[in-house]
Amino acid sequence: MPVIYRLNMLRPESYFVSQRFAMRNGDVIYIANARSNQAAKLVQIINQLFSPFYGVRELTR
C-alpha cells in the first residue's frame, strides 16, 4: 500500500520531519516546481508544440 507524504521544505519543521523517513528500494521522491515557475513551464509547453512547425517551415525555404 503506497504512502504519500507531502512536505513544504520552505518550513524549517518540515526539514526535521523529513529526516525521520527511511528510504527503501523502490521508494520514489517527487520534488515539485515552485509556483513562480508556472509561467516558464507554460512557455516551454507552447514552444514544444510549435517548434516542429517552425522547423518544417525553415526546411522548406
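The model is a predicted one, so to speak of local features takes a pLDDT of at least 70 and to count side-chain atom pairs takes pLDDT 80 or more, while totals for chains, interfaces and linings use all residues. Residues are numbered from 1 along each chain as its sequence is written, and side-chain values use heavy atoms, with hydrogens and water left out.

V17 sits in helix α1, which covers residues 12-18. Helices here are DSSP runs of H or I with at least four residues, strands are runs of E with at least two, and both are numbered from the N terminus. On that basis the chain has two helices and zero strands. Its radius of gyration is 20 Å, well over the 10 Å that the globule rule gives for 61 residues, so the chain is more spread out than a compact globule. The radius is taken over C-alpha atoms, and the rule itself is 2.2 Å times the number of residues to the power 0.38. Along the principal axes, the C-alpha atoms fill a box of roughly 60 × 30 × 15 Å.

The accessible surface of the chain comes to about 6,600 Å², and carbon and sulfur atoms own 60% of that. These areas come from the Shrake-Rupley method with a 1.4 Å probe, and for residues only the protein chains shown count as cover.

S14 is one of the buried residues, with a relative accessible area of 9%. S14 also belongs to helix α1. Setting aside neighbours within four places in sequence, S14 touches L7, N8 and M9, where contact means heavy atoms within 4.5 Å.

The structure holds two aromatic pairs, a pair being rings of Phe, Tyr or Trp (its six-membered ring) with centres within 6.5 Å; planes under 30 degrees apart count as stacked, over 60 as edge-to-face, and the rest as tilted. Y5 and F21 make a tilted pair, 4.2 Å centre to centre with 40° between the planes. Since Y5 lies in the segment before α1 and F21 in the loop between α1 and α2 (38-60), the pair ties together parts that are 16 residues apart in sequence. Y5 is exposed at 55% relative accessible area, whereas F21 is partly exposed at 33%. For Y15 and F16, the ring centres are 5.5 Å apart and the planes stand at 75°, so this pair is edge-to-face. Y15 is partly exposed, at 44%, and F16 is exposed, at 56%.

Charge pairing is brief to report: there is one salt bridge, defined as a side-chain nitrogen of Lys or Arg within 4 Å of a carboxyl oxygen of Asp or Glu. R11 and E13 are the partners, with an N to O distance of 2.5 Å. Both ends are partly exposed, R11 with 47% relative accessibility and E13 with 38%.

P2, in the segment before α1, is exposed at 72% relative accessible area. P2 and D27 are 25 residues apart along the chain, and their C-alpha atoms are separated by 9.4 Å. In helix α2 there is A40, which is partly exposed at 42%. A40 and F53 are 13 residues apart in sequence, with 21 Å from C-alpha to C-alpha.

How values were computed:
Buried means under 20% relative accessible area, exposed over 50%, partly exposed in between (1.4 Å probe, protein chains only).
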